[in-house]
Amino acid sequence: MTAETPSKRTVRIGSRKSQLALVQTYWVRDELQKAYPEITFEVQTMETQGDKVLDVALSKIGDKGLFTQELEDGMLKGETDFAVHSLKDLPTNLPEGLMLGCVTERVDPADALVVNEKHRDQKLETLPSGSVIGTSSLRRLAQLRHHFPHLEFKDIRGNVNTRLAKLDRGEYDAIILAAAGLQRLDFGDRIHQIISSDISLHAVGQGALGIECRDGDEEILGLLRPVLEHAESRDRCYAERSFLRQLEGGCQVPIGVNTTIEGDHLTLVGMVASLDGQTLIRDEVSGSRADAEKLGIELAQKAIAQGADKILAEINEANRA
C-alpha cells in the first residue's frame with residue numbers, strides 16, 4: 001500500500017476580465033508561482049459594474065467600488081483569497097473585513113497624450129484651438145481645462161484598445177491615458193507625450209498595483225509581501241491615499257497628486273480643482289517617509305483651509321443631480 005501524495009495548496013486570485021487587468025494579474029501570479037512552486041495559483045475573473053456600464057460617464061454611475069465590489073464580495077465569501085487591482089481604482093475606505101495587503105513597485109504614474117495621426121507633429125501645448133480631447137477622468141479634465149481653455153473635451157469610455165480605435169477613427173484629435181497602462185499593454189509606442197506634473201498631477205496610486213486580501217489573513221500576507229511589496233512605492237501611495245481619504249474624495253473627483261522620496265524624506269504635492277478649471281488649489285508638504293499617512297492628512301487640511309472641501313461638495317452635488 002502506497003502513501004497518498006498530499007494535494008497541492010491552491011490559492012485563488014480575483015481579477016477583472018479586461019485585458020489590462022489580466023496582464024497585471026498574470027504578472028502577479030507568475031511572480032508568486034516562481035517564488036512558491038509548491039503552490040498552485042489560480043486566476044478567477046469577474047465583471048465589475050464599471051466594466052458593464054460603458055455608455056455613462058464614470059462620475060455619473062457612482063464611485064463606491066465601481067471596479068472592485070464584485071472582487072471584494074468574492075473574497076468576503078471565501079471564493080478567492082486575494083484580488084489584484086490598479087491601485088488608482090481601489091477606494092481608500094475598504095469594506096469591513098478587507099485590507100490593502102501590499103503595493104507593488106510603481107511604474108511611471110504620469111498621464112500620457114496619444115494623438116490622431118494628423119496631429120503627429122503637435123504637442124498638447126500646440127494642438128489647434130477646438131481640438132477634441134478624450135478623457136473619462138474629471139481629474140485630467142479639470143487640470144487640462146485650467147491650462148488649455150481653448151481645447152474641447154469629450155468623455156471616452158471602454159478599454160484601452162477601444163479608446164485607441166476611437167482615436168484612430170478620428171472621433172477625437174487626441175486622448176489622455178495612463179502611461180503605465182499603455183506600457184503594460186505594449187502600447188508604449190503610442191505615447192506621444194508624457195504630460196508634465198506641472199500641468200497634470202496624476203491619480204492617487206496611479207502606476208502601482210494594490211493587492212487586496214482579507215484583513216489579518218497572515219498566511220496570504222506571508223506569501224504576498226516578501227515577493228511583491230515595494231517599500232518606497234508603498235510609502236508614496238499611502239501618503240497619496242491618506243490625502244484622498246481625508247478629503248473624503250473618491251476615484252472620480254478632480255484630485256491629483258505627485259510624490260517623491262529622497263532617502264527618508266517624502267514630498268507630497270496635491271491638487272483639487274473645479275470642473276471648469278477656473279479654480280485650482282495646489283500645495284505640498286514634506287517630512288519623514290515613516291509619517292507618510294500623517295503627511296497626507298496634513299496636506300488635505302491645508303487644501304481644505306483654501307476651500308477644497310467646498311469645491312468637492314459642489315462637484316458631488318452636481319454628480320447626484
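With which residue does Arg214 form a salt bridge? In this predicted model, where local features need pLDDT of at least 70 and side-chain atom pairs count only at pLDDT 80 or more, totals for chains, interfaces and linings use all residues. Residues are numbered from 1 along each chain as its sequence is written, and side-chain values use heavy atoms, with hydrogens and water left out.

Arg214 forms a salt bridge (a side-chain nitrogen of Lys or Arg within 4 Å of a carboxyl oxygen of Asp or Glu) with Asp81, and the closest N and O atoms of the two are 3.1 Å apart. The pair links distant parts of the chain, for Arg214 belongs to strand β10 (residues 209-214) and Asp81 to the loop between α4 (69-76) and β3 (82-86), 133 residues apart; helices (H or I, at least four residues) and strands (E, at least two) are DSSP runs, numbered from the N terminus. Arg214 counts as partly exposed at 21% relative accessibility, whereas Asp81 is buried, with a relative accessible area of 4%; buried means under 20% relative accessible area, exposed over 50%, and partly exposed in between (1.4 Å probe, protein chains only). Through salt bridges that share partners, Arg12, Asp81, Arg214 and Asp217 are joined into one network.

In total, 20 salt bridges are found in the structure. One of them is formed by Glu219 and Arg9, whose closest N and O atoms are 2.9 Å apart. This pair, too, links distant parts of the chain, with Glu219 in helix α8 (residues 218-228) and Arg9 in strand β1 (residues 9-16), 210 residues apart. Both residues are partly exposed, Glu219 with a relative accessible area of 46% and Arg9 with one of 30%.

Strands of a sheet pair through backbone hydrogen bonds, either parallel or antiparallel. Here, an open sheet with mixed pairing is formed by five strands in the order β2-β1-β3-β10-β4, two strands being counted as paired if DSSP finds at least two bridges between them. The edge strands, each pairing on one side only, are β2 (39-46) and β4 (98-103), and the twist averages 30° from one strand to the next. Within this sheet, β3 and β10 run antiparallel and are joined by five bridges, with Ser86 standing opposite Leu209 of β10.

Helix α8 lies across β1, β2, β3, β4 and β10, and runs at about 25° to β4. The axes of α8 and helix α1 (residues 19-35) come within 10 Å and cross at roughly 100°; axes are lines fitted to C-alpha atoms, for helices over the stretch in contact, and angles run from 0 to 180 degrees between N-to-C directions. The two helices are therefore roughly perpendicular to each other, a class that covers angles of 65 to 115 degrees, while angles under 35 degrees count as roughly parallel, over 145 as roughly antiparallel and the rest as oblique. Their contact (heavy atoms within 4.5 Å) is made by Trp27, Val28, Glu31, Leu32 and Ala35 of α1 and by Leu223, Leu224, Val227 and Leu228 of α8.

Strand β5 (residues 111-115) is largely enclosed by the rest of the structure, because five of its five residues are buried. The side chain of Asp111 meets that of Arg139 in a salt bridge (2.8 Å, N to O). Arg139 lies in helix α5 (residues 138-147) and Asp111 in β5, so this pair ties together parts that are 28 residues apart in sequence. Asp111 counts as buried at 0% relative accessibility, as does Arg139 at 4%.
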